[in-house]
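This report describes the pockets of one protein model and the residues that line them.

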Amino acid sequence: MKKYNVAVVGATGAVGEEMRLVLEERKFPVEKLNLFASGRSAGKIYNFAGEKIEVQELKENSFSGIDIALFSAGDEVSARFAPLAIQQGTIVVDNCKYFRMDPEVPLVVPEVNPHDLEWHRGLIANPNCSTIQMVVALKPIYDEVGIERVVVATYQSVSGTGKEAIEELENQAASITSGEKYEIKAYPYQIAYNALPHIGSFTENGYTSEEMKMLDETRKIFGDNNIRVAATTVRVPVYRAHSEVVHVETKKKISVQRAREILSAFPGVKVIDNPEKLEYPLPLFSEGKDEVFVGRIREDISTENGLVMWVVSDNLRKGAALNAVQIAEHLIK
Ligand SMILES: NC(=O)c1ccc[n+]([C@@H]2O[C@H](COP(=O)([O-])OP(=O)(O)OC[C@H]3O[C@@H](n4cnc5c(N)ncnc54)[C@H](OP(=O)(O)O)[C@@H]3O)[C@@H](O)[C@H]2O)c1
């Protein structure tokens, strides 16, 4: 079997660390793994498939001989280094928002639009975490009865902001318990014991950038500019896994029973929906798991053709690292 030289750019971050684990777990055919970060983390050692690998500082010539690079080091790094990597013959799978809406760049969730991988020119964008889990849950419904409109509210974990925000929640919770002073850095307000209706930056229409991503990226992934999406994105004091209440207005009526059937049969989805036994998806039990969990499936009684569901998935896995590795797996098929 052919093996590939693979790089993880942003290897010391919340997503980058998960990428290394997912590559190993899924036995991606890696010849050599190269881990890149900024000069701050150069020299750090990580284990991969029984080997110790030293993190190197990312430089302009870092990509020579690398077949596939998974980027998750922020927009500035992607904007500067992804074109250099492509010039050096590397295929880039990028996790940041910088290239996502570029019409020359496919935006791919393998369960939803794998066909878009066919027209890549060396760069494939990974969608935003909150979009990925939503479109996976929407896809079987879209194919069965069509979708007019989606109204979604998210409950997003702090790991979606990165490593520093995870530490900040830990520190705030511990300091509040022991009556000590604590820092507020990652968000405008304390996140422990709170909920912030603000992810990303506010745009002119009153929505945030995160909320607009859920509209724009969903349209691009489905290749359907008629889908309407109104999102409210909220940061909550959960470490890992985003939860979403998704109201779907369909073109034709679909029963709750049929929705459960097609969701259960869809790759990457696990339906947990036995409210009478108190069984429904929870972020706490989704940590480290690959699936998009769907539960609380019921009719939206406020409209004629509507469904409501509760969709939970680990943002560092399907929302980022796993989706990127699945894209790489499709590329080498
Ligand atoms: N967290 C999520 O759920 C999620 C989901 C989808 C997409 N993303 C996107 O993925 C990216 C990373 O997110 P994260 O949550 O992993 O953030 P993070 O935990 O803050 O990690 C950032 C990573 O980028 C590296 N980095 C920063 N500046 C660099 C530079 N100049 N050169 C090379 N490496 C540099 C850092 O290395 P050092 O150790 O050297 O600082 C670190 O490895 C962001 O663009 C984010 O929007 C995140």
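Helices (H or I, at least four residues) and strands (E, at least two) are DSSP runs, numbered from the N terminus. A pocket, on a 1 Å grid over the protein atoms alone, is an open set of points where a 1.4 Å probe fits, with protein on both sides within 12 Å along at least five of seven lines; lining residues have an atom within 4 Å of a point. The model is predicted: local features need pLDDT of at least 70, side-chain atom pairs count only at pLDDT 80 or more, and totals for chains, interfaces and linings use all residues. Residues are numbered from 1 along each chain as its sequence is written, and side-chain values use heavy atoms, without hydrogens and water.

The largest pocket is lined by 47 residues, with Ser 72, Ala 73, Gly 74, Thr 161 and Gly 162 nearest its centre. Two or more lining residues come from each of helices H1 (14–25), H2 (75–87), H4 (163–178), H5 (209–222) and H8 (317–332). H2 supplies the largest share, four residues.

The lining of the second largest pocket includes Val 30, Phe 48 and Gln 56. Strands E2 (30–37) and E4 (51–54) each give two or more residues to this lining, and E2 gives the most, with five residues.

The table sets out volume (the space filled by probe spheres set on the points, which are joined across faces, edges and corners) and residue class (Ala, Val, Leu, Ile, Met, Phe, Trp, Tyr, Cys and Pro nonpolar; Asp, Glu, Lys and Arg charged; the others, Gly among them, polar).

| Pocket | Volume | Lining residues by class |
|---|---|---|
| Largest pocket | about 1,400 Å³ | 16 nonpolar, 20 polar, eleven charged |
| Second largest pocket | about 160 Å³ | five nonpolar, two polar, five charged |
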